[in-house]
Amino acid sequence: MSDLAPLLQRFFTDKLDRHLNASPHTKAAYADTFRLLLTYAQQATGIAPSALTLADLDADLIGGFLQHLETDRGNSAATRNARRAALRSFFGYASYRAPDAIATISQVLAIPAKRTKTTLVSFLTAAEAEALIAAPDTRTWLGRRDRLLLHLGVQTGLRVSELVSLRVGDLQIGPHSQLECVGKGRKQRVIPLQKNAVQLVTAWLSELPSAPDGSLFPTSTGSPLTRAAVGKLVARHVHAAAEQCPSLAGKNITPHTLRHTCAMSLLHAGIDTASIALWLGHANIQTTQIYLHADLELKRRTLERVAAVDERPPARYQASDALIAFLKNR
């Protein structure tokens, strides 16, 4: 009888649900990892997933699976490492409950993470952001929805998952207009809205049903937008905006670029990185440091404060020709 199936089931129900109270996103990501792994294992060994044992998932098979993610599925090293982290969590759980397979488990846990290349974040300039927000055709219902979504993405810096999960009741319009969201790690944040955003939100709410639990960004059928749908509409509006702002055509712009744009605008306004981390909902302030590395304007201002080499004053004490001559004769 397979020892893998009951162990994997207990991992999800016991560790993820009961002990960690993992979020639905985490559980979905872990489940997706194991679906991919079991499919790969069946192709590699010819054994049906329900008949696989823990011993079948040895270091060679797991290593082959991680390589398969990159070479065959085209995943990045970062995605590979995320899948590896899910597998390590399971094998760490299994190490206390399957002592007979401890040798196999130890070898799997010893598989190292792959080093990743750190790239500078991509963000929009003020002119590019304005062109993108102005791209949707506001004569249509979908155009007005898309314009508000793009505007809030740039102004609030919400993740795309946070944007699509917003409900009508999450917005408070009044003397101090704001929105509430539950983000990554189930951290709740309250973000104030600027006056132009309040105007767009107020106009948009008048076109939606007043139900507080209704989606703020629904599709034409009333269901909430998906992350994939947001990616497509951003790409479509970027293409349209590039006609008025050609610099957009040379950039790889995704929904996450809107979040980076918000962070960079806060940084250019002189906001410290600790405050930006709170605004964006970063668990670690070190995550916010990527924007310091990407901020070329900040580097230029720093360079202007440092005198150029040929502008620095001469040394206070310089040897005279007579002294040099004296030293040469010694």
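**Note on the predicted model: helix packing, aromatic pairs and selected loop residues**

1. Helix α7, which spans residues 141-156, and helix α11, which spans residues 255-268, have axes that come within 6 Å and cross at roughly 45 degrees. That angle makes α7 oblique to α11. On the α7 side the contact is made by L150, G153, V154, Q155 and T156, and on the α11 side by L258, R259, T261 and C262. As background to this description, two packed helices are described by the angle between their axes and the distance between the axes.

2. If neighbours within four places in sequence are left aside, T261 is in contact with F123, L124, A129 and V154.

3. In general terms, an α-helix has 3.6 residues a turn, so residues three or four places apart point the same way.

4. For the chain as a whole, the secondary structure comes to 15 helices and 3 strands. Of the 330 residues, 39% count as buried, and the chain exposes about 19300 Å², of which carbon and sulfur atoms supply 55%. Among contacts between residues at least 6 apart in sequence, 64% join residues at least 24 apart.

5. Which kind of aromatic pair do F11 and F90 form? The count of aromatic pairs comes to 10, and in this one the ring centres lie 5.5 Å apart with the planes at 80 degrees, so the pair is edge-to-face. F11 lies in helix α1 (residues 4-19) and F90 in helix α4 (residues 77-94), so the pair ties together parts that are 79 residues apart in sequence. Both F11 and F90 are buried.

6. F90 also forms an aromatic pair with F91, again edge-to-face, at 5.3 Å centre to centre and with 75 degrees between the planes. F91 is buried, as is F90. These residues belong to one aromatic cluster, formed by F11, F12, Y30, F34, F90, F91 and Y93.

7. R97 lies over the face of Y93, at 3.8 Å from the ring centre, and Y93 is itself a member of the aromatic cluster. The charged end of K251 sits over the ring of F123, 5.9 Å from its centre, and F123 is also one of the residues in contact with T261.

8. N21, in the loop between α1 and α2 (24-45), has a phi near 50 degrees, a positive value in a residue other than glycine. For context, most residues other than glycine have a negative phi. N21 is partly exposed, with a relative accessible area of 47%.

9. Two glycines in loops may be read side by side.

10. G214 has its place in the loop between α9 (195-205) and α10 (227-241), and G214 is partly exposed, with a relative accessible area of 22%. The C-alpha atoms of G214 and R167 are separated by 5.4 Å, although these residues are 47 residues apart along the chain. Not counting residues up to four places away in sequence, G214 touches L166, R167 and V168.

Technical notes. Residues numbered from 1 in each chain as written. Predicted model: local features only at pLDDT ≥ 70, side-chain atom pairs only at ≥ 80, totals over all residues. Heavy atoms only, no water. Phe/Tyr/Trp six-rings, centres within 6.5 Å; stacked < 30°, edge-to-face > 60°. Helix = DSSP H or I, 4+ residues; strand = E, 2+ residues; numbered from the N terminus. Buried < 20%, exposed > 50% of the residue type's maximum accessible area, 1.4 Å probe, protein only. Lys NZ or Arg CZ within 6 Å of the ring centre and 35° of its normal. Contact = heavy atoms within 4.5 Å. Areas by Shrake-Rupley, 256 points an atom, 1.4 Å probe, with all protein chains shown as cover. Axes fitted to C-alpha atoms, helices over the stretch in contact; angles between N-to-C directions. Parallel < 35°, antiparallel > 145°, perpendicular 65-115°, else oblique.
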